[in-house]
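Student: I would like to learn how to read a structure of this kind. Could you take me through a few features, giving the general idea and then the case at hand?

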Amino acid sequence: MSFLALTGQILRKDFRIEVRSREGVNTLLFFSTLLVFLFRFAIGSTETQVREAAPGLLWLAFILTGLWGMARTFQVERENDCLEFLRLAPGDLGGLYLGKLIVGCCLMWATELAILAMFGLFFHLDMWPVIGSLIPVLILGTVGFVAIGTLFAAITANLKAREVMLPLLLFPLMVPILLAASRLTDLGLAGDSLWAEAHWLRLLIGFDVVFVVLGYLTFPFVMED
Amino acid sequence: MAHGGTSGISLHVRGLSKAFRGTWALRGLDLDLGPGETLVLFGPNGSGKTTLLKILSTLLRPTRGTGTLGGADLVREREKVRRRIGLLSHGSFLYEDLTPRENLVFGAAMRGGRPADGTIAAAIERVGLEAVADERVQTLSSGMKRRVTLARLLLNTADLWLLDEPYTNLDREATKVLEEVLQEHQEQGGMAVMATHNFLDGFKLATRLGILARGRLILDEPRESMTFPAFQELYTLRAEGGGR
Amino acid sequence: MDRLARILGVGAGVLLAIGLWMGLVQAPPDAVQGDVQRIMYIHVPSILTAYLAFTVVLVASIAYLLRGSRGWDRLAHASAEVGVVFTGITLATGSIWGKPTWGVWWTWDARLTGTAVLFLIYVGYLMLRSVVDDRDRAGRYAAVVGILGFFDIIFTHMAVKWFRTLHQASTLEKGAIDPALYLPLMVNLGAFVTLYIYFLLRRVRLGTLEEAVEAEVLGG
């Protein structure tokens, strides 16, 4: 089977499961609501404090919910040993990676938009006027995160210590994303052009390209045995 | 119905061994299986049955030894091997939020391509799942789920069926279906390796009888060579007794 | 191999003794920083050696995925362990130097932060190896992390550099370094690299023996 056909099959299946169970989206929404609440209590109450902390907190929220989201995309496959069946698919297993990557990104983007809305609501930040410049940051930051997250979720899916190992492996590699994306989000929230600090944009794009390619190339090795 | 392999394909295994963390799960196993043969493996828990099936299905790599299915190497030519096997394992490989029909369509696609029109409906009918074919799998009983996995086996042409404890959760009716489809598979020249604790049913379906104990194949004989009571006695003596 | 290792071990010891004597006794104290600056003779060679070690992890990991031979995996594992030790030394000496220089044990200086991330990535790499039962699978998983980790570090260094920096420009980048300081630094670098190769050979040998013992226990 061509790898794109495999990708398509995974996408159709996972979206159908998500639409039926809504387990992923529901849990992520609830979890992110809780996070936003906790953040509000943790930081000071003045408007400037909130505004200063917002970009970093946003990305912290994305990464924390994303951790669960990544685990979720492979949890579906762990049930009833489905992963074994997928590993037996003849053809390029890189297609499976691509499918899971897209599913993971969509799940994350939906959650991120919800978190943005909640920040707007609870932190009194007006998101509408700046949404246009935030969306590219969300797209670029999320692809890089999910590119590595999907791969590591596949690695840890069959480990007994997966709950600890996934963040342990994933978080240190997320430092460039966290720095670049929160800086760009800061620019976006201030209403400035992202091109004002184009080097951060280039870093994110480079990160995405490098890790999607590496993920695609190494994923079949993770699926062996 | 599309199943039962291309003729003349055979399985050859030499010196197959698998070690897990310092113990041998399989040691030095030799095996030859020809068209139309069904080897039924008996053996106590931990004797290596599942490990053998996993290696034959290319899910595990052997620590030592080699094997070929229709000339394709079990390690180096996994792709080719994968197209020629059908696996019924402990896990059902089913998605609980999809219907049996959707699971079958997905399963067929994962095994390479879209099955012909009506194939899926025919498989559903064959295993008696018509009534629940469009219910979510999570609402099905474990026996019904087992039938779905049986139907999936019928969808693609596979030369070698690997059946790990296929009788688990099957009621008498479904057991009969399993026997029938396996017989059809044999008649069309397909091979099967089955691991089971179900002596009577396993004996009936076998063309060859095997006993695994402590990772070794200590018996591999044509079924005609012995009666059921004789086989049971032999098993008690060799596998559970002093078979060392 | 064993003889070579022994020679390297002795050589590393001698070089280290000479290098340290040159650095700590013979070389003049730094004009601005005074004696504190002498920690550079350990700090700089250890981080450079750590980078060498992780580059070896990258190469060995790629080779292991492509070739599948145990030797590459043992090399990657050994190099990662030694690399983590040298990274640890770098962080410790950096911190000790930071106290009198910046007044705090830890700052979010770019290079220091980058090195800390480096440390965390490869500690994760080693932990992953320890929680996977199957040797070959552990090797493959670790190889993937080893490859990604290396590329990630490049991005991390860029990011933390733009984020903020108060580290003095890299000792070697600066170029304008007094030859009296340069020579001991180079001798120490030689000593550290020799020490690394020595550790590496020993660790690979240990790994080979471990697997041989396991095979022996298995028999047949």
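Tutor: Let us begin with burial: a residue is buried if 20 or more other C-beta atoms lie within 10 Å of its own, exposed if 12 or fewer, and partly exposed in between, the C-beta atoms being placed from the backbone. This is a predicted model, in which local features need pLDDT of at least 70 and side-chain atom pairs count only at pLDDT 80 or more, while totals for chains, interfaces and linings use all residues. Residues are numbered from 1 along each chain as its sequence is written, and chains are lettered from A and ligands numbered from 1 in the order in which they are written.

Student: Is C:Ala5 buried, exposed or partly exposed?

Tutor: C:Ala5 has 17 other C-beta atoms within 10 Å and therefore counts as partly exposed. Its place is in helix H1 (residues 2-26) of chain C, where helices (H or I, at least four residues) and strands (E, at least two) are DSSP runs, numbered from the N terminus.

Student: Which residues is C:Ala5 in contact with, leaving aside its neighbours within four places in sequence?

Tutor: Two residues are in contact if their C-beta atoms, placed from the backbone, lie within 7 Å. With those neighbours left aside, C:Ala5 is in contact with C:Tyr198, C:Leu201 and C:Arg202.

Student: How many helices and strands are there in chain A?

Tutor: Chain A has nine helices and zero strands. The radius of gyration, taken over C-alpha atoms, is compared with a globule rule of 2.2 Å times the number of residues to the power 0.38. For chain A the radius of gyration is 18 Å, close to the 17 Å that the rule gives for 225 residues, so chain A is as compact as a globular protein of that length. Of these 225 residues, 48% count as buried.

Student: At what angle do helix H8 of chain A and helix H5 of chain C pack?

Tutor: Axes are lines fitted to C-alpha atoms, for helices over the stretch in contact, and angles run from 0 to 180 degrees between N-to-C directions. Helix H8 (residues 175-189) of chain A and helix H5 (residues 135-163) of chain C pack at an angle of about 35°, with their axes 8 Å apart. Among the residues that meet there are A:Leu179 in H8(A) and C:Phe155 in H5(C).
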